[in-house]
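The sequence and the structure come first, and the description follows.

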Amino acid sequence: MPGSQHSALGSLVLISAVVGFSVGAFAYTAGWLTPGRLTSMELVAALAPPGGPALGHRRNHAKGVCFTGNFEANGNAVALSKAPLFIAGRYPVLGRFNLATPDPNAADPTVRVRGIGMQISAPDGNVWRMALIDPPVFAVSTPQGFYDLLEASKSKNPDAMKGFVAAHPEFAAFGEWASKAPWTASYAEVTFNSLNAFIFTNGDGAKNAVRWSLRPETQPVTIAVEDFAKLGPNHLEEDIIDRVSKSPQRWTLVLTVADPSDPTSDPTKAWPPERRTVEAGTLVVEKIEQEADGLCRDINFDPTVLPDGIEVSDDPFPAARSAAYARSYDLRTSEASQYPRTAASAKP
Ligand code: HEM
């Protein structure tokens with residue numbers, strides 16, 4: 001019937017238009033239509049050391065150990081976010097302590113930045129993934145700046161870092177921390193920071209920009225890096241295995257709420273220390289497992305995987321990180337045969 005033929009053709013045209021628009025929008029977001037725009041492939045390639053990446057491993061934060069435990073929410077954060085995992089209760093966590101290096105065999109005292117990746121799961125299927133590090137500010141204010149830093153630090157030109165620092169004055173605060181902050185000899189003594197700002201929405205629809213930290217219950221004991229080196233190249237992993245085998249290790253999840261005037265798009269800029277904080281609950285780490293045997297190996301702690309009640313802000317990093325982590329995840333999982341097996345992981 002002509003009528004139905006006409007409407008079928010109309011539907012096809014509409015579908016092609018929708019598909020065309022979606023592909024166009026995707027290509028635009030992916031940067032394919034913007035010559036010169038930084039891609040996730042370039043970012044991940046820039047992370048590789050001169051000898052090439054360690055196949056089968058994360059392209060950054062490659063050295064790490066898995067954990068499982070719980071997040072014990074105290075209910076206080078319900079005022080800020082309707083995320084179900086802020087309702088008072090216990091929610092399962094899986095995570096990974098790690099070092100910011102592309103080398104899975106790097107000696108601990110050679111790596112300045114320590115991290116934690118984790119996922120908190122709510123019973124209704126909402127999950128919150130995050131990856132936090134221990135400096136109080138990030139090194140650069142844009143993903144392009146991060147790429148420039150990686151390129152400069154690998155360059156054979158002896159003036160490359162000098163040129164980078166001159167072009168990126170925002171690097172100074174991180175540089176100061178990296179050169180002067182005291183070392184500790186335990187993951188259990190590290191404060192981990194989100195640095196990126198996210199938007200929290202509560203049940204009444206009120207929105208606030210928030211950054212958060214995991215503050216250890218264990219009091220930090222500082223150690224000279226020379227003395228830390230004497231404890232051996234893998235001390236952090238040995239220490240956390242030992243501590244958790246004796247008793248669970250705890251961190252308080254502290255949310256910091258921005259004033260409207262605080263910068264949310266630039267993780268090199270700390271917010272004033274007097275900002276309101278809310279203690280949302282406690283991360284309890286109950287079991288450590290080698291990465292090869294643990295749940296954390298084949299997960300991507302993509303910081304844009306967020307529960308209802310938390311969204312990305314105008315901070316450009318989470319989107320760039322999401323794309324780079326996906327690229328790294330695709331590479332490392334496709335190289336699984338290159339990943340060293342332990343006796344336990346080799347079991348059928
Ligand atoms: C444009 C900037 C950044 C790039 C390109 C980048 C890149 C990467 C890549 C490729 C991975 C490995 C992902 C995987 O294979 O699963 C990774 C892991 C990680 N990143 Fe980033 N990153 C960036 C910024 C940040 C920031 C701002 C933070 C924290 C505030 C951070 C914290 C971490 C942590 C803790 C991990 C390890 C997570 C895990 O254990 O799986 N990164 N990063």
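## Elements and overall makeup

The model is predicted. By this assignment the protein has eight helices and 12 strands.

The protein has 348 residues, and 47% of them count as buried. Among contacts with a separation of 6 or more, 75% are between residues 24 or more positions apart.

## The iron atom and helix α8

Which protein atom is a donor to the iron atom of the ligand? The OH of Y325 is the only protein donor, at 2.2 Å. Y325 belongs to helix α8, which covers residues 317-334.

Helix α8 also gives the largest share of the shell around the ligand, with seven residues. At least two residues each come from α2 (40-47), β2 (89-99), β3 (114-121), β4 (127-133) and α8.

## The shell around the ligand

There are 26 residues around the ligand, and those that come nearest are R58, R96, Y325, S328 and R332. By residue class the shell holds 14 nonpolar, eight polar and four charged residues.

For R332, the corresponding distance to an oxygen atom of the ligand is 2.7 Å. R321 has a polar side-chain atom 3.5 Å from a nitrogen atom of the ligand.

Strand β2, one of the elements that supply at least two residues of the ligand shell, contains N98. Is N98 buried or exposed? N98 counts as buried because its relative accessible area is 5%, below the 20% limit.

The side chain of N98 makes a polar contact of 2.8 Å with the side chain of H61. The N98 side chain also reaches the backbone oxygen of R96, at 3.1 Å; R96 is among the residues that come nearest to the ligand. Beyond four places in sequence, N98 touches H61, K63, G64, R114, G115, I116, G117 and Y187.

H61 sits in the loop between α2 and β1 (63-73). Its backbone has a positive phi, near 55°, in a residue other than glycine.

## L195

Another non-glycine residue with a positive phi is L195, at about 60°. L195 lies in the loop that runs between β6 (192-193) and β7 (198-201). L195 is classed as buried because its relative accessibility is 8%.

## S213

S213 is part of strand β8. With a relative accessible area of 18%, S213 is buried, because the class takes in values under 20%.

The side chains of S213 and N193 are joined by a polar contact of 2.8 Å. Apart from neighbours within four places in sequence, the contacts of S213 are T191, F192, N193, T252, L253 and V254.

## K82 and G205

K82 and G205 are both loop residues: K82 is in the loop between β1 and β2, and G205 is in the loop between β7 and β8 (207-216). K82 has a relative accessible area of 48% and is partly exposed. G205, at 43%, is partly exposed.

For G205, the pairing is with S81: the two are 124 residues apart in sequence, and their C-alpha atoms are 8.9 Å apart in space.

Notes:
Residues are numbered from 1 along each chain as its sequence is written. This is a predicted model: local features need pLDDT of at least 70, side-chain atom pairs count only at pLDDT 80 or more; totals for chains, interfaces and linings use all residues. Side-chain values use heavy atoms; hydrogens and water are left out. Donors are N, O and S atoms within 2.8 Å of the metal (3.2 Å for Na, K and Ca); water is not among the atoms, so sites may look incomplete. Helices (H or I, at least four residues) and strands (E, at least two) are DSSP runs, numbered from the N terminus. A residue is near a molecule or strand if one of its heavy atoms lies within 4 Å of it. A polar contact is a pair of N or O atoms within 3.5 Å; within protein, one must be able to donate a hydrogen and the other to accept it, and residues adjacent in sequence count only if both atoms are side-chain atoms. Ala, Val, Leu, Ile, Met, Phe, Trp, Tyr, Cys and Pro count as nonpolar, Asp, Glu, Lys and Arg as charged, and the others, Gly among them, as polar. Buried means under 20% relative accessible area, exposed over 50%, partly exposed in between (1.4 Å probe, protein chains only). Contact means heavy atoms within 4.5 Å.
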